[in-house]
Structures are given as structure tokens and as C-alpha cells.
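This report describes one group of aromatic side chains and the strands around it. The sequence and the structure are shown first.

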Amino acid sequence: MRRPAAVVPLAATVLAGTVLLTGCGSTQSGGTPDLSVTSSYMPQPVSASLAAGFLTIENKGDAADQLTSVTSDAAASVTMHRTEGGAMEEVDRLTVPAHGRLVFRSGGDHLMFDGLKSKPVEGRTVPVDLHFAKSGDLKVEIPVKPATYTPATGH
């Protein structure tokens with residue numbers, strides 16, 4: 001049985017399109033994150049045992065990454081919190097989008113340092129290790145600012 005001539009070119013076009021789309025998909029997933037931290041600060045806490053931390057993680061890479069945990073020798077634990085609609089909830093990971101930023105800011109997503117080993121003092125820094133799913137660890141020294149500090153970056 002002979003097929004009509006129009007079916008063969010249509011099938012070839014669909015097959016070629018599928019191959020091209022498959023190639024595009026693999027290029028996007030093969031990228032890597034390129035992370036850096038800016039605008040970090042910790043307002044000098046009122047409490048001797050609890051403090052908040054803020055920073056921006058920028059990703060100039062072609063792939064997203066996830067911040068999976070945060071640790072610090074200055075506290076018993078550091079947790080990540082997402083704030084949506086005025087409600088705060090602890091989360092176990094946050095995404096840093098490809099060619100994007102993850103911003104921890106006052107009134108928004110933030111870090112909570114619980115069980116401080118000593119009260120952070122203005123002018124000093126707090127060591128923090130950011131742990132990422134793809135990029136491994138990134139060490140940051142977060143400067144302690146006055147309790148009323150408002151950064152020029154708006155976060």
C-alpha cells in the first residue's frame with residue numbers, strides 16, 4: 001500500500017521539530033549557577049538570644065540553585081523564613097533563580113539566628129555558611145549594624 005506524498009513531509013517535519021526541541025531542553029538544564037552575596041547585615045538585636053539577618057544572593061548563572069540550609073558558629077541554629085501576606089513560616093529551602101536574586105529583607109524573607117552564643121555587637125561581623133544544593137557552601141561575614149539601620153538597597 002502506498003502512502004500519500006503529503007504524509008511523509010509532515011511526519012519528517014514533526015520528527016525534526018521534536019529533535020530540535022529536545023536539544024533546546026538539554027541545553028537549558030546543563031547550565032550552572034554563579035552565586036554571590038551582597039547587601040548583608042544584621043541589625044544589632046535587642047534580645048540576647050535571637051537575631052534576624054538579611055542579604056541578597058545573586059545568581060548570574062544559567063541554572064537555578066536552592067539554598068538548603070544556613071549555619072553559623074554564632075548561634076545554635078539558623079532558620080530560613082518566608083513571609084507572605086504578613087504571615088511568617090519556616091521553610092527548609094529557597095530558590096535562587098537563574099539570572100535572578102533571592103532577597104532576604106526586613107518584612108519579607110529573612111534568616112533567624114536562635115540561641116546566640118553571645119549578643120552580636122554593632123561594628124562586628126557574624127560568620128555564616130550558606131549551603132546550596134548545586135553550588136556547595138558559601139561563607140559570608142554579616143556586619144552587625146545599628147538596630148535602626150535602613151540600608152540604601154531598600155532591604
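Which residue in β7 is the bridge partner of threonine 56? The partner is valine 103. The model is a predicted one.

**Strand pairing around β2**

Strand β2 covers residues 50-59, and strand β7 covers residues 100-104. β2 and β7 run antiparallel and are joined by five bridges. Strand β8 (residues 110-116) is also antiparallel to β2, with four bridges between them. In that pairing, leucine 50 stands opposite aspartate 114 of β8. Strand β1 (residues 35-43) pairs with β2 in the antiparallel sense as well, over five bridges. Valine 37 has isoleucine 57 in β2 as its bridge partner. β1 and β2 make up a hairpin, and six residues lie between the two strands. Most of β2 is covered, with eight of its ten residues buried.

**Aromatic pairs**

The count of aromatic pairs comes to two. Their geometry is listed below.

| Pair | Type | Centre to centre | Angle between planes |
|---|---|---|---|
| Tyrosine 41 and phenylalanine 54 | tilted | 5.1 Å | 35 degrees |
| Tyrosine 41 and tyrosine 149 | edge-to-face | 4.9 Å | 70 degrees |

Tyr41, Phe54 and Tyr149 form one aromatic cluster. The pair of tyrosine 41 and phenylalanine 54 links β1 to β2, with the two residues 13 apart in the chain. Tyrosine 149 lies in the segment after β10 (136-145) and tyrosine 41 in β1, so their pair ties together parts that are 108 residues apart in sequence.

Why does the second pair count as edge-to-face and the other as tilted? An angle over 60 degrees between the planes counts as edge-to-face, and one under 30 degrees as stacked, so what remains is tilted. The planes of tyrosine 41 and tyrosine 149 are 70 degrees apart, whereas those of tyrosine 41 and phenylalanine 54 are 35 degrees apart.

**Burial and the lysine contact**

Is tyrosine 41 buried or exposed? Tyrosine 41 has a relative accessible area of 3% and is buried. Phenylalanine 54 is buried too. Tyrosine 149, with a relative accessible area of 30%, is partly exposed. The cut-off for buried is under 20% relative accessible area, and exposed begins over 50%, so a value in between is called partly exposed. The ring of tyrosine 149 also has a charged neighbour: lysine 145 lies over its face, 5.3 Å from the ring centre.

Key: Residues are numbered from 1 along each chain as its sequence is written. This is a predicted model: local features need pLDDT of at least 70, side-chain atom pairs count only at pLDDT 80 or more; totals for chains, interfaces and linings use all residues. Side-chain values use heavy atoms; hydrogens and water are left out. Rings of Phe, Tyr and Trp (its six-membered ring) pair if their centres lie within 6.5 Å; planes under 30 degrees apart count as stacked, over 60 as edge-to-face and the rest as tilted. Buried means under 20% relative accessible area, exposed over 50%, partly exposed in between (1.4 Å probe, protein chains only). A charge sits over a ring if NZ of Lys or CZ of Arg is within 6 Å of the ring centre and within 35 degrees of the ring normal. Two strands pair if DSSP finds at least two bridges between them.
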